[in-house]
Amino acid sequence: MELIEAIILAVLAASTPLLIAATGELVTERSGVLNLGVEGMMIVGAACGFGGAWLTGSIFIGALFGIVAGTLMSLVFALMALGLAVNQVATGLALTILGVGLSGLIGAGFVGERITPAAHLYIPGLTDIPLIGRVLFGEDAFVYFSLALIVGIWWFLYRTRAGLILRACGDNHVSAHALGYPVLRIRTFAVMFGGGCAGLAGAYLPLAYTPFFIPGMTAGRGWIALALVVFSSWRPGRLVVGAYLFGAVTILQLHAQGWGVGIPSQLMSALPYLATVIVLVLLSRARTGGSTAPAALGTVFVPDR
Amino acid sequence: MQLVLEKRAERSNTIALVSPLIAIGLTIITMTILFAILGKNPLLALHAYFIAPLTDSYSLQEIAVKATPLVMIAIGLSLCYLANAWNIGAEGQFLIGAVAGSWIAVKTQGTDAGSWVLPAMLVLAAAGGALYALIPAICKVKFGASEILTSLMLVYVADLLLDYLVRGPWRDPHGFNFPTTAEFDPVATVPLLIEGGRLHLGSIIALLVVAAAAILLGRTIKGFEIRVVGAAPRAARFGGFNSNQLVILTFAVSGALAGLAGIIEVAGPVGHLQPGISPGYGFTAIIVAFLGRLNPLGILIAGLFLALTFIGGEQAQIAMKIPLDVTKVFQGILLFYVLACDSLILYRFKLVFPNRQVASGTH
């Protein structure tokens, strides 16, 4: 029983950064912009988030640092891909290369330092319920926030006028522009939101997942978040399912390594990456009747006047 | 008043020529500021990065050694990018090439195998890299899965495979438990060009690859097809060019070149298989490809330049304690400036005055 509870808790913790980063990227892509720099924004968010928390002793300020760092990184992307109409794939790659270097530079000062990780909720009585108590009422604030965020984004995209306009920009920027909507400005906001989420997701790793910073600690989670957006068919509901499935794969392989089944640990470590490839293939294959991706995704838009 | 982007009627050839130089200039200005922030003397740092490595024979040879994998990988990537196929997993193909070629070296170790060993290693490495690159290419063509994500995921898988081999079945029994194979036999080693120097046969192979790519792109129908499919997909469809076939072809070629670069690095400068054989060659090669404007000769120059930053970075770390991550930041910033300057080949900035536009009623 305790083991099952521990596994569920670990899965939630491993899924949360994926869910937050993928939520941000979902909004960015729904506006028609493909930002491949999630990994770079996450790792800078991790370095700045840890730095903020270590300097001030506050997890909340650390998280804010992560958000600001991710947003600033995404602004560089927006300037290039939207302002200068540069190829979005190449710009996103550049952002990741830059982010990996920057995070090493920023984080060099506090490698080896430790902080007190984010506190977990505790409601006497409720949290003590066996099996489900800690899962439902004993998480850290990030877990609850990530779920509130995705519900909020679902509501925004499908129940508000602003969300409809954002989706219109992603599906047909020429029409949206013709109707008088400021396509590039809307996309800039969407990119910034994606950056803030990626920064927060990165900050989650040293603030709550492991209480220290190591260079390269995102370990491809930004790329998995990108794959999750494809997996979700750009729909928030499916994104939650996908994020928790991938979190489960990550944790199960860790546990399997612990049980010492006769499989090389490297093969188990490769599972989340292999799973991503297989899932991408299966989903893309199932979708032969036409893509569900935003129609203008990744295309350059220069308004004519 | 507002600054907006406007499409040029024709691409500007002047800017096409000078844009990499402007990008390098802007990068150096940015780095000067960064060095100042880090509290290092910018002039001394720039000297350590860009001048010092050019002043002694050892460093010059080392630049050529570092440029070899960068140029070979970047040539392959440029074919992909020209055809609008986004292979960003060259790092993985590099590692798989190293593993595939090392297999022969490990299996023939200590036997009296003859001079066929090295050629066989090169062939197997190229085949291994090509097959590994074909996974994302086929997933893309057959199932429509994003080649960007699949090729990148396979980098992590390749890294773990190499790690497993050198910690498990291939580990040197006399290696004090270090995760490495034994040193390769002389027949499994890339020969040096100058006795006692660093320069090896791989650099000649890289030059041949550059020449072959220049001929392919400039003088053959296939090269023309690759350029048309990337630049004008609609026209290519009307022309009857098969873009799927080109995705497969360019991925296979770039995988083969990355794999070849991998085994040359392992059987040359490194001498054995171990984790960490690449300081991110596969990713830096993306920058090389763009800085070289996806042109073979340009890539050769860009490869030498980025190799200079690797060597300069190492020297700056030793001489001035500048962290190695500065090199990565430098490379990232350089790619940004290259892309930004390239944008000005197709577009130009224009100041518009919204009020006057409304008044004249035109657009």
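Which residue takes a positive phi just after H2(A)? That residue is Gly57(A), with a phi of about 75°. Keep in mind throughout that this is a predicted model, to which the predictor gives an ipTM of 0.86 and a pTM of 0.89 for the complex.

**Chain A as a whole**
- Chain A is built with 12 helices and 0 strands, so its radius of gyration of 19 Å can be set beside the 19 Å from the globule rule for 305 residues, and chain A is as compact as a globular protein of that length.
- Along the principal axes, a box of roughly 60 × 45 × 40 Å holds the C-alpha atoms of chain A.
- Of the 305 residues in chain A, 51% are buried.
- Take the contacts in chain A between residues at least 6 apart in sequence: 78% of them join residues at least 24 apart.

- Helix H2 of chain A covers residues 38–56, and its 19 residues should span 27 Å at 1.5 Å a residue; the end C-alpha atoms are 26 Å apart, which agrees.
- H2(A) is largely enclosed by the rest of the structure, because 16 of its 19 residues are buried.
- Helix H11 of chain A runs over residues 236–259, and at 1.5 Å a residue its 24 residues should span 34 Å; the 35 Å between its end C-alpha atoms agrees with that.
- Buried residues in H11(A) include Pro236(A), Val240(A), Gly247(A), Val249(A), Thr250(A) and Ile251(A).
- Leu239(A), Gly242(A), Ala243(A) and Phe246(A) are also buried in H11(A), and these four are among the contacts of Leu228(A) beyond four places in sequence.

**The largest nonpolar core**
- The largest nonpolar core has 219 residues, and those that touch the most other members are Leu228(A), Val71(B), Ile73(B), Met121(B) and Val288(B).
- Helix H9 of chain A, residues 183–209, gives this core its largest share, 16 residues.
- Leu228(A) also has contacts with Leu18(A) and Ala22(A), again leaving aside neighbours within four places in sequence.

**Chain B as a whole**
- Chain B has 14 helices and 2 strands.
- The radius of gyration of chain B is 23 Å, close to the 21 Å of the globule rule for 363 residues, so chain B is as compact as a globular protein of that length.
- The C-alpha trace of chain B spans about 85 × 55 × 35 Å along its principal axes.
- Buried residues account for 51% of the 363 residues in chain B.

**Where the chains meet**
- On the chain B side, 41 residues are in contact with 37 residues of chain A.
- Elements of chain B that each supply at least two residues to this side include strand S1 (2–7), helix H5 (117–143), helix H6 (147–167) and strand S2 (347–352).
- Sorted by class, this side of chain B has 29 nonpolar, 8 polar and 4 charged residues.

**How confident is the predictor in chain B?**
- The average pLDDT of chain B is 89, and 97% of the residues score at least 70.
- Within chain B, confidence is highest in helix H4 (residues 90–107), at a mean of 96, and lowest in helix H14 (residues 354–360), at 50.
- Over residues 357–363 of chain B, pLDDT stays under 50, and the model has 3 contacts beyond four places in sequence for these residues.

Terms used. Residues numbered from 1 in each chain as written. Chains lettered and ligands numbered in written order. Predicted model: local features only at pLDDT ≥ 70, side-chain atom pairs only at ≥ 80, totals over all residues. Helix = DSSP H or I, 4+ residues; strand = E, 2+ residues; numbered from the N terminus. Expected span 1.5 Å × (residues − 1). Buried ≥ 20, exposed ≤ 12 C-beta atoms within 10 Å, placed from the backbone. Contact = placed C-beta atoms within 7 Å. Nonpolar A, V, L, I, M, F, W, Y, C, P; charged D, E, K, R; others polar. Rg over C-alpha atoms; globule rule 2.2 N^0.38 Å. Core = buried A, V, L, I, M, F, W, Y, C linked by C-beta atoms within 7 Å. pLDDT = per-residue confidence, 0-100.
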